[in-house]
Structure formats: structure tokens, C-alpha cells
Amino acid sequence: MRLVVVESPAKAKTINKYLGPDYRVMASYGHIRDLLSKDGSVQPDNDFSMTWEISPRGKKCVQDISSSLKNCDELLLATDPDREGEAISWHLKEVLQESKKLKIPFRRIVFHEITKSAIREAIANPRDIDSSLVDAYLARRALDYLVGFTLSPILWRKLPGSRSAGRVQSVALRMIAEREAEIEVFEKKEYWSIEAKFRAKNEKIFNAHLIHYRGEKLDKFSIADGKRANSLKESLLQQEFAVTSVETKRVKRNPAPAFITSTLQQEASRKLGFGAKKTMQLAQNLYEGVAVGGETVALITYMRTDSVNLSKEAMEKIRELISKKYGKEFLPEKPRFYQTKVKNAQEAHEAVRPVDVSITPESLAGEISLDLQKLYNLIWKRAVACQMASAEFDQVQVDISDDKKDVFRANGSVIAFEGFLKVYVEGRDDPPEDEAEGILPPLAKGDETPLENLEALQHFTTPPPRFSEASLVKRMEELGIGRPSTYATILQVLQDRGYVKLVKKFFIPEIRGRLVTSFLMIFFAKYLEYGFTADLEQSLDDVSNGKKPKSEVLKSFWKGFCENVAQTKEIKISDVIDRLNETLAPLLFASGESKKIARECPECRLGELSLKIGRFGSFIGCSRYPECKYIKKLDSSPATEGDEAVASSSEYPKFLGTDPSDQSEITLRKGPYGFYIQRDRKDGAKASKKAPKEKPPRASIPKFIDPNNVDLKLALSLLQLPKTLGQYEGEDVKVGVGRFGPYVLFGGKYTSIPKPEMVLSMNLEDAVEVMENRRSAPPSRRRFRR
């Protein structure tokens, strides 16, 4: 009897069906132990020895495995084929040996897809645990621990309110924070373009833009204002134009390689709207096996990889499918091979691909969840497309001129041969500005092209975009920061610790994140440098490849890091505040469109504004406190009297006006659960001292309404909800906004309103229509009674 240990129960269940009665498959449920969560678990003075702690679940796992070993002749450690998988196998071996429960031979087996043939081949070719991969894991774990347990206490003491710092997460946070700083100081620049519509011989209208004026080549900013733009426009209106140049060329576009971890996360974000964490969870399910037709089937290969390689067998099967499904013209003469563009890539694995390409996405409809099907569809199409023929385009560039050397240019493109585009089109975060403008009508040199319309269009430059999950992962990958298995975790940790928030799929740094980044860049700049982090990743890869001993990497890092830490011991919080005031001045003190730095207190005109850091958050306060209690909040955390100021001076509550019906005051307020409207008792209407204090009427601002757009009229409409619209079939029909959004209430049943904004203007007929549309039968004729 052989005992096979894998990481997850799902994987164990899938593998178990491929092995006969001579095997037993068990799961370790991931790591069975980790570093003891307290200072001193890594001891640099004792050759970086590490103290481990077995988790409660790990103890149960070890007990179950130990019990099963009594009836087995060999232990096969079949955890995932990467560094973490190697570490899990090593931990299991170490714990079992330490407890003297491992009295039989043990070997390590690896496979990159869960198929009968792959598992049988792995069992036929066992190996020892790779000590170099384990050393790389230990070195990485020690570094992350030492940085976290050394740097985080410094943050807590010198920058109250901070959470923690991490070796890689802090670098990712820097990228997000610096991009936000770029956006804040960005000054938009005005420019104009002259756009024309010409008529071709066949009467078709096409677009062109001015590129030369009176022989002078125009660049993006040549036309700087509307006055010059309109002057050019007027001078061009009287001219006659004809085609002076037609250039046609055929270009090819090659398919992208099959997915690696980072590109899978990027495309799933762009095309499916999935976060990195969700993508990896779904991919894990597809890899370990899902129920299809009553059986558990593994659908994709291992999903944590930075290799773009495909096995010879996989390429042959994909090429065979292309020939049968799409035709031989879509199949290139030879298989396509790709080179990775990832810095420090490890090429041991295959790319992410379908285990069996004959299992098409369409065949899984109704068999697996919609999200799983969407991701499998993405992986399947990308893998098939990467072995298809190139797409071909006929690109046309046409110049239209007059007799005064004014030149307009029109660009067009048409697909001559679909090639791989028949199956898959790669997404992009930043499509080029000069992308082809569509199909042009037939044009020949000398053709007259009457001018149909001419416009002077105003434009402004835009700041660099914030990072999305896709673009941040792409940038980290380009810089060599982090590894495939860490991207999702890094992004999640930054959000969990309140350093960034994800708004409409883009990362925005919180004030806390900006402060932490600035602090680290001031006092620990070396360790946030992109080059340093990438070089350290390279050193860790050298350890995994057996090129460097882990002790050399750890000692080199720790020596310099300790010296840096020692230099911060005498730094006072006041010194930190002064440096942050200086480095974050555009964020803290800039005002108005001019973004001028203004530190004079706007309330007392005598004190100087400065960053204040308290237990409950950061804010701007006056140096003359307590005489001057001016405060400007920087985040949603309330400042308290103990923090040198009170929150009553903030911009909320905001007075919106008075209700004409009773003269009550209507205010917009911000509470712990978001924005809301409040109706306050008018002056002079005092409540009785004996009467219990009543809460004023309130209404939450629904998610579909921007608080900045709330005025008195809108506020009064919200305060009326829920409201009765009338009766239908003898019962009241009401509308309101609940925890799940706007609704119609009738007969004790709630019906969601498809267009949320309708709730404020809805009448009885509208409400009945919403209810009837949710019923399977057509709405019947009924009498309305108001």
C-alpha cells in the first residue's frame, strides 16, 4: 500500500479515481505549520534558525497521516509543483521524522496536470525533496518575517495609526501612492485639432485630420488655443482638396502566448471583471477538478506558473483541433514557440492550458458554474489561439491636400484574414491613440474630395491612469517584483490593512497608505527601490536554482537593514511630522485649481497648518491649538478632543435649505455607515422636557446617488420614502429604498426596481408595470384606485 499526500481534498478526490486499491490519497489542507507569530521566531544570531508552530488543523492532519502510515509501505509527497508545494512536502517530512512516525521510505512526485497518464508518469519517476527550492522558501519566509516584525513596530511608534509594513507589499503600495501623487500635481494642457469630413467619388463620407498647415508639420500642441484653431478653420473652408497620396500595406499580427499566472489575472480582470483573488480561486477549482457529467474532471493545468511553454503533446492536440474545427488555412505550417518576457522567469512549468482541448467551453454549459465556465472559456480560447495562424490586415493611409500645402490624413484598416482573431482578441489597458479608424471608401491619387464639414475640436491632456488590478500586476511583473503565487495576496493585504481601496476597479491610496509610503521612502528608501526589490527576488531565485546559499542572501540583507533600523531609533515623532509636511505638501496643503501650497490657518490667520496624527486618524490642525480649534479631516476616521481638535469644524453637516412646508432645516450628514439626510426641528419648536427625546427623520443616500449631487429638492424626495403611491386590487402599493436597493411593496411582497433612479419619480402605473413584468403571465387588465 502506498500513501499519496496532496494539498486539498478536491485534488485528493480527483486523483483517487485514477489510482487502484494499492493507493490511498490524503490531503494536507495546505501548510501544516508556520513561523510562531511572535518576535524571535527567526534568530539572525543563530544562523537564522526558525521556530515553527503546527496549526490545530495541521496537528489533526499529521495524526491522520501517521495513523495511515502504519499500513503503508511508501509515502509519496505529491503537493503542488512549485516552491510552496515543495515547502509543504518538506514540512510534512520534518514533522513526521521529528515525531519518529516516518519509518517507511518517502519520495517526492510532481505533475502539472491531473490526468491518469500524468500521475502514472510522476509515480514512475519519483525524486527527493528539492533542497534548493526549500532553501529559497525558507529564505523568503525569513526575510518577510524579519522585515515585518522589525519595521512594523517602528511604524507603530513613529507613525501612530499605521498597521504594518511588508517587504513586497510596501513596494506595491509605493507604486499606487506615487501614481496618485503624479495625478495630483498633473497640470492639464490645452490643445486643438482640425477634423474634416470629405466626400469620396462613390459619395461615401470619411474622416481625416489636419497634419500640415501651409507646409508646416503640426504636432500635438501646435494648435494651442481656440483662437488659432478657428483661424485655421476659416482659412481652410474655402480650399478645394484632392487625394495626393494613397499608401496600402498588408501587416500581420501574431497571437499572444498561452496564459501565465500574471497574464491570466490581467485578462480575467479586463474581460471578466474578476479580481486576482477570485481568478486564482476559480483556477484552483478548474485545476483540482470539478463535477462534469457525474464525474470529477480536472480541466486545466497548474495555474501558478511563469512559463509560456506548451508540451509537445498539447501542441499536437491543439493543432489537430484547429485543423478540424476552423480549417487548415487557420493552421500555421509549424507549431509556435514563445519566449517569456517576464523578468527572472522560471521555465520549469507549462503555461496554463486546458488538460483536454477537446472539452470545449460550449460542452460545459450547465455543467459547471457560470464563473468557472467564463474562466475556462478564456483559458481555452487563449491556448487554442496561440497556435493559430497570424491575422492579416490591409492598412490604408490617404493624404488629401490643397494648392497651399495644407494636408489632411485619413487612416483605415480592414481585416484581410481573421487568423487567430476568429477565436481570441487580447485585451489591452492602453490602446494606442493612432489605432486604425475603420474602413475607408475606394480612393485613388487625383480624386477630388469635396469638403463636407470642418470642425475645430478642443482637447486636454489627461493625467496617467490609476492602477487597476490588471495594470498593477503587469507593472510588478515587468519590474520583477513578487512572483506568480504572491500577486493576489499582495493586492488583498493592501486592501485589508486599509492602505488602498478599490473604486470602480482602480486602486486609490488611503491617507494611511500615503503616510506609510512617505515615511518608508524618507527613512527606508533603499528597501522600497524597485531595483533593490527585483535584485533581491533574483537572489532568491538563485537560491532556488542552487546558485547561492540562503545564508549568504540573508546575511547580506540583514546587515544593511539593521544599520538602517538603528538610525531611526533617535528620530522623534515631531521630526517625522515635519518631514511628512514637506514631502506631502501638495496633498496636505494645496488649495484651489492653482494647487498653491498654503499653510496659513484659514480660521485664525495666525497659526500654521500641520499634519496631526492621533489614535483615530490623521487630520490637519492649527499650531495655535487649543486657542484655535481649526481642523481639516483627511480621512473618514473621527478626530477627538484628545487629538488636539474636535470634529465639529468639518464640512459636515452641510446645510441644504429649509422645507417650505414647515421651515424645518434639511442637512446632509456623514455618519459611520455613509451619507444621510436629516430633517431638524425648526427654531422655536422646543420639545417638552418630560417628553422622550425623539430622533429626527433621516434618510440614507442610496448607492446610485452621488452625495455631491444632493440638493434640497432631492433631499426632500428621499425623506418622503417609503411612500404610498395608491391602491391596486384593493391594497396599498408602496415604493422605498431598502438594504438591497429600490423596491415596490405590494401584498407583502417586494419587487426590485430595475432602474434605481426611477424610485423618486415613479407613479402608480409605473409601479404596477414593474410588478407585472416580474410575473410569468401577461399583465391583466385591472382597475386603479388612488
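pLDDT is the predictor's confidence in each residue, from 0 to 100. This is a predicted model, where local features need pLDDT of at least 70, side-chain atom pairs count only at pLDDT 80 or more, and totals for chains, interfaces and linings use all residues. Residues are numbered from 1 along each chain as its sequence is written, and side-chain values use heavy atoms, with hydrogens and water left out.

**Exercise 1.** Find the mean pLDDT of the protein chain, then inspect the stretches below 50.

Step 1. The chain averages 87, and 91% of its residues reach 70 or more.
Step 2. Residues 683–691 fall below 50, with two contacts (heavy atoms within 4.5 Å) beyond near neighbours in sequence.
Step 3. Residues 776–786 also stay under 50. Here the model has 22 contacts beyond four places in sequence.

**Exercise 2.** Count the disulfides (pairs of cysteine sulfur atoms within 2.5 Å) in the whole structure.

Step 1. The search returns zero.
Step 2. Take Cys61: the closest cysteine sulfur, in Cys72, is 14 Å away, so a bond is ruled out.
Step 3. Take Cys601: its sulfur lies 3.7 Å from that of Cys628, the closest one, and this is too far for a bond.
Step 4. Check burial (buried: under 20% relative accessible area; exposed: over 50%; partly exposed in between; 1.4 Å probe, protein chains only). Cys61 is buried at 5%, and Cys601 is buried at 0%.

**Exercise 3.** Which residues of helix α19 are buried, and what covers them?

Step 1. Helices (H or I, at least four residues) and strands (E, at least two) are DSSP runs, numbered from the N terminus.
Step 2. Helix α19 spans residues 712–719. Leu714, Ala715, Leu716, Leu718 and Leu719 are buried.
Step 3. Their cover includes β25 (654–658), β26 (665–671), β27 (674–680) and β28 (698–700).
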